[in-house]
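Here is a short walk through a model, with the sequence and the coordinates side by side. Take a look first, and then we can go through it together.

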Amino acid sequence: MMFRLGPFVLAVLLPALVQADPLRVITADGAITEIVYQLGMEARLVAVDTTSGYPPATQSLPKIGYLRALPFEGVLAMKPDLLITSEQAAPKKNLDRLTRAGVMVETLPSAWSPEAALARIRSVGDLLGEPGRAALLVTALETEIRRVQRSASARERRPKVLFMLAAGDHSVMLAGEGTAASALLEAVNADNAVSGVMGYKPANREAILASQPDAIVIAESTPGQFDIDSWPELARLQAWQAGHRLVADSMLLLGFGPRLPQAMAAVNRVMPSDARVADHDS
Amino acid sequence: MIRDATGRFGYTPSLVVVVSAAAVVALVSVSSGAYPLSVADILRVLAGRDASDPVASMVLLDVRLPRFLLGFLVGAVLSVSGALLQGLFRNPLADPGLIGVSAGASLAAIAVIVLGGTWLGGWLALFGEWALPVAAFLGGSATVLLAWRIAHRAGQSAVATLLLAGIAINAVAGAATGLLTFYATDDELRSLTFWTMGSLGHAGWDELLIGAPFMVLAILVAPWLARPLDAFLLGESVVGHLGYRPDRVKKAAILVVGLGVGAAVAVSGLIGFVGLVVPHLVRQLLGASHRVVLPFSALVGGTLLVAADSLARVVVAPAELPIGLMMALIGGPFFLGLLMRRKVM
């Protein structure tokens, strides 16, 4: 039996050995982890960072800590061939040390547009030695993204959207310019209602009333975190009352991973139709 | 048996105990970590021979050894600074945070993180990867000088004024840090946590090279101030009668603290608690003479910080806990126990 299986096993293993694909992989970035799962390559993951919470199966993997404070020994102890992370990874010194210790460290740029998000999926596919799977996934996502964008560009006017981030019990931040939130709005042909502010800033209740958005999007870091009862200003906005509102998971909305078409579609769905935009103008 | 008539421990046995504890902690620190190394490999690397694991020598010599040395120096210099300030202010609450030196150092570092892309771009270009530590060091020293100038205006330096100036400087530095935090982007915000929680996670020979000279100098100069500081315990006027110049003593102590703490914050961020607790611990066990308190604080402080760091990097492995957190977790209950055992004074 063993004799007969021997050549067969060798024939299966040999190509893998020759190509030297990374067999033990660590991902340190929620979106990159999602990509690995979407490519069906999760069997190679030996650990992830604490921003990797989706899909739920990531819970069973060892956690190497936060991607902005990666420990050298902790990562090395998992004996990875490859560490895929994003440019937010820190400290740089530990990344250099990992490289010197023989770990292949790949730092991918942040993806804040559909094109960049797809390019990142291709990069991850190349790194895992599975460009074919990545190309299939990219094609599928591209079709969905185009469909959402066609519907979004059919609107006559770009709607103004108030984008908020609920991160603690009482802490709600307004997403300004230069954020992933702004980039997501751009992707569905919408404008950020908060202009002239960079980054995420604590929400000012009067500014919410003054912003007069056409739609409201709220990203929660844990489900059910946002409570409209503590934000009467929002409830009074016409957009909220008319149902032009979305409350969703922040990793889904802001990750720019393989769930980007889902995120774009969800945001696009709550935009007012042209008629309502016109009403609002008069 | 090792306690003397007043219930305190003898110096020589205490020294033996503390040095052995330091040696044990050193061994534990260098031989433990998230990356598994065999005892045989550790011994081979330490003997200068090739280990069976090719990464072993890098893990030991480039990561754990500098981390141990840096941790020990930071713990030592923070404790010595705490002892100096407690003696100088005759105030048991004094620690390097009090006169604003830690706040000034971290403010400068945070300013470089947040404004490095815009107004302070030239600073980054000038110092490259050293921009942060150099800024922290200058920030700490500048704060010390400022506090000193404010307290020294009437020709004489009043310790109470220096203390109050420190509180005001802390408030202003805290507000400025808050303002910078407000303008920080999401990314910058997260790298600020290093300067508020403290970390030895990136310690290497480079950090040791810039930080160690200042910290060693501060630790070695401190004992020269022991006798005049003992005189301070009897009251400021006594210092002059005993032949010391109070102003010079104060100036020297402040400079030593600025130098040491500025360098410590520059390489490891804000690590609280150790500077406050260790001098108390030493005084409880060995008496209040600064000739004893200063050197023992250095040894105990270094040992304690390295012990806390060794734990911090294994308890949640492969991740690491912030060292400041671990320090407070170990030191807090210990300190409370010490206080409860103490007779009412």
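How many helices and strands are there in chain A? Chain A has 13 helices and 10 strands, where helices (H or I, at least four residues) and strands (E, at least two) are DSSP runs numbered from the N terminus. This is a predicted model, in which local features need pLDDT of at least 70 and side-chain atom pairs count only at pLDDT 80 or more, while totals for chains, interfaces and linings use all residues. Residues are numbered from 1 along each chain as its sequence is written, and chains are lettered from A and ligands numbered from 1 in the order in which they are written.

Of the 282 residues of chain A, 46% count as buried. A residue is buried if 20 or more other C-beta atoms lie within 10 Å of its own, exposed if 12 or fewer, and partly exposed in between, with C-beta atoms placed from the backbone.

On to chain B and its helix 10 (residues 226-233), where B:Pro228, B:Leu229, B:Ala231 and B:Phe232 are buried. Those buried residues fall within an arc of 150° seen down the helix axis, so they line one face of helix 10; the arc is that of the directions from the helix axis to the C-beta atoms. They pack against these chain B helices, contact meaning C-beta atoms within 7 Å:

| Partner of helix 10 | Residues |
|---|---|
| helix 3 of chain B | residues 56-89 |
| helix 11 of chain B | residues 236-241 |
| helix 12 of chain B | residues 246-268 |
| helix 14 of chain B | residues 290-312 |

After helix 10 comes B:Gly235, with a positive phi near 120°.

How values were computed
Two residues are in contact if their C-beta atoms, placed from the backbone, lie within 7 Å.
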